[in-house]
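Here is a friendly briefing to read with the model open beside you.

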Amino acid sequence: NNLEEMNEMFSHCESLEQINTKIFKTKKINNLNYIFENCYSLKELDLSHFETENIVEAIGTFKNCSNLKSLNISNLDTLKLQKISYIFYGCINLTSLDLPSINTSELLYAANAFYDCQSLTSLNLSSFNFGELISAKNMFYNCINLKSLILPNRMISLIRSNSMFENCNQL
């Protein structure tokens with residue numbers, strides 16, 4: 001069964017603790033907007049098998065997953081990805097995030113992407129391409145324990161970056 005739409009599929013499933021996502025065929029999907037938003041009880045998630053070559057938007061995908069500690073998004077094809085605003089917003093217990101091969105050459109919007117990720121201590125975004133990025137407003141706002149952040153070399157198109165590092169006092 002090939003899904004064509006997953007918007008808000010598990011949104012507000014506040015008691016959801018685990019899910020086997022391997023059953024989903026995702027090749028036809030073009031966005032992952034808010035599918036796990038407000039899944040407060042979710043502690044770990046493996047999306048490494050998702051077929052994401054057509055994904056353009058991942059807005060608020062894990063928004064307010066406040067107990068999420070482990071997330072496997074390795075092997076995802078992000079070449080067409082343009083919008084990741086609010087993707088990890090409010091993931092206050094996310095301790096690490098491995099993004100080694102994320103290609104974001106089309107990325108335009110990342111506002112509030114890591115907003116309030118209070119448990120992150122380091123983040124390596126060197127594989128990201130921010131050459132087309134327009135908005136990074138509040139991108140790392142209130143990442144109070146972030147001590148190490150590696151960003152890509154170029155951000156030539158950036159227009160909105162207000163409060164990008166506000167309350168990142170450990171950086």
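A search of the whole structure turns up 11 aromatic pairs, where rings of Phe, Tyr and Trp (its six-membered ring) pair if their centres lie within 6.5 Å, and planes under 30 degrees apart count as stacked, over 60 as edge-to-face and the rest as tilted. Please keep in mind that this is a predicted model, in which local features need pLDDT of at least 70 and side-chain atom pairs count only at pLDDT 80 or more, while totals for chains, interfaces and linings use all residues. Residues are numbered from 1 along each chain as its sequence is written, and side-chain values use heavy atoms, with hydrogens and water left out.

**Aromatic rings**

- Phe10 and Phe36 make a stacked pair, with 5.6 Å from centre to centre and 5 degrees between the planes.
- This pair links distant parts of the chain: Phe10 and Phe36 are 26 residues apart, and each sits in the segment before strand S1 (44–46). Strands here (E, at least two residues) and helices (H or I, at least four) are DSSP runs, numbered from the N terminus.
- Both Phe10 and Phe36 are buried, on a scale where buried means under 20% relative accessible area, exposed over 50% and partly exposed in between (1.4 Å probe, protein chains only).
- The rings of Phe128 and Phe130 have centres 5.8 Å apart and planes at 85 degrees, so this pair is edge-to-face.
- Phe128 counts as buried at 7% relative accessibility, and Phe130 counts as buried at 0%.
- You will find Phe128 in the loop between S3 and strand S4 (148–150). Its C-alpha lies 7.7 Å in space from that of Leu151, and the two residues are 23 apart in sequence.
- One aromatic cluster is formed by Phe10, Phe24, Phe36, Phe62, Phe88, Phe114, Phe140 and Phe165.

**Salt bridges**

- The whole structure holds 3 salt bridges, each defined as a side-chain nitrogen of Lys or Arg within 4 Å of a carboxyl oxygen of Asp or Glu.
- Lys27 meets Glu51 in a salt bridge at 4.0 Å, N to O. Lys27 is in the segment before S1 and Glu51 in the loop between S1 and strand S2 (70–72), 24 residues apart, so the pair links distant parts of the chain.
- Glu53 also meets Lys27 in a salt bridge, at 3.4 Å, N to O. Because Glu53 lies in the loop between S1 and S2 and Lys27 in the segment before S1, the pair ties together parts that are 26 residues apart in sequence.
- Lys27 is partly exposed at 42% relative accessible area, as are Glu51 at 32% and Glu53 at 24%.
- Glu57 and Lys83 meet in a salt bridge at 3.5 Å, N to O. Glu57 lies in the loop between S1 and S2 and Lys83 in the loop between S2 and strand S3 (122–124), so the pair ties together parts that are 26 residues apart in sequence.
- Glu57 is partly exposed, with a relative accessible area of 22%, and Lys83 is partly exposed at 26%.

**A lysine over two rings**

- The charged end of Lys63 sits over the ring of Tyr86, 5.1 Å from its centre, which requires NZ of Lys or CZ of Arg within 6 Å of the ring centre and within 35 degrees of the ring normal.
- The charged end of Lys63 also sits over the ring of Tyr89, 5.2 Å from its centre.

**The cavity**

- The search finds 1 cavity of 30 Å³ or more. On a 1 Å grid over the protein atoms alone, a cavity is a set of points where a 1.4 Å probe fits but cannot get out, and lining residues have an atom within 4 Å of a point.
- The largest cavity has a volume of about 250 Å³, where volume is the space filled by probe spheres set on the points, and grid points are joined across faces, edges and corners.
- Of the 20 residues that line the largest cavity, Ile73, Leu76, Thr78, Leu81 and Ile87 are the closest to its centre.
- The lining comprises 15 nonpolar, 4 polar and 1 charged residues. Here Ala, Val, Leu, Ile, Met, Phe, Trp, Tyr, Cys and Pro count as nonpolar, Asp, Glu, Lys and Arg as charged, and the others, Gly among them, as polar.

**Backbone**

- Most residues other than glycine have a negative phi.
- Glu8, although not a glycine, has a positive phi of about 55 degrees. Glu8 is found in the segment before S1 and is partly exposed at 47% relative accessible area.
- Tyr86 has a positive phi of about 65 degrees, and Tyr86 is not a glycine either. Tyr86 lies in the loop between S2 and S3 and is partly exposed at 28% relative accessible area.

Definitions and conventions:
1 Å grid on protein atoms, 1.4 Å probe; cavity = no way out; pocket = protein on both sides within 12 Å on 5 of 7 lines; lining within 4 Å.
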